[in-house]
Amino acid sequence: MEQKIRSLHCRMQAGLNFQNLDGEDVVFLKDVPFEWEDIIARWILALPSDQTSMGMPDCILRQHPTKGIALTDEGWTNYISWMTKVLDDVLAKQESETFTRP
């Protein structure tokens, strides 16, 4: 049931569960659509350390003692931008292969 509630389909309809953490809007990784959990974790691991090291000025992660790791609003925006670019690149490749066939 939790997966259904957190599914991409349901979450997009309901909106993400942004919360205020120390005066900043964040989305906890446990609240993102479950289809993206592993992808976001892998994306975070691939980021430069200045964006993922707590306490660094450009860090897009926040830590809560009981709720875990969260992405800042800027971090979420960066993730969506990256994901959109990846999807667009894949679609462009697919289109070029489809439309260049004899």
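A residue is taken as buried when its relative accessible area is under 20%, as exposed when over 50%, and as partly exposed in between (1.4 Å probe, protein chains only). The model examined here is predicted, so local features need pLDDT of at least 70 and side-chain atom pairs count only at pLDDT 80 or more, while totals for chains, interfaces and linings use all residues. Residues are numbered from 1 along each chain as its sequence is written, and side-chain values use heavy atoms, with hydrogens and water left out.

Helices (H or I, at least four residues) and strands (E, at least two) are DSSP runs numbered from the N terminus. Spanning residues 73-99, α5 has 27 residues and reaches 38 Å from first to last C-alpha, close to the 39 Å expected (1.5 Å times one less than the number of residues).

The buried residues in α5 are G75, W76, Y79 and M83. These buried residues pack against β2 (24-28), α3 (37-46) and β4 (68-72). An α-helix has 3.6 residues a turn, so residues three or four places apart point the same way.

G75, in helix α5, counts as buried because its relative accessibility is 0%. Beyond its neighbours within four places in sequence, G75 is in contact (heavy atoms within 4.5 Å) with W43 and I60. The C-alpha atoms of G75 and I60 are 4.9 Å apart, although 15 residues separate the pair in sequence.
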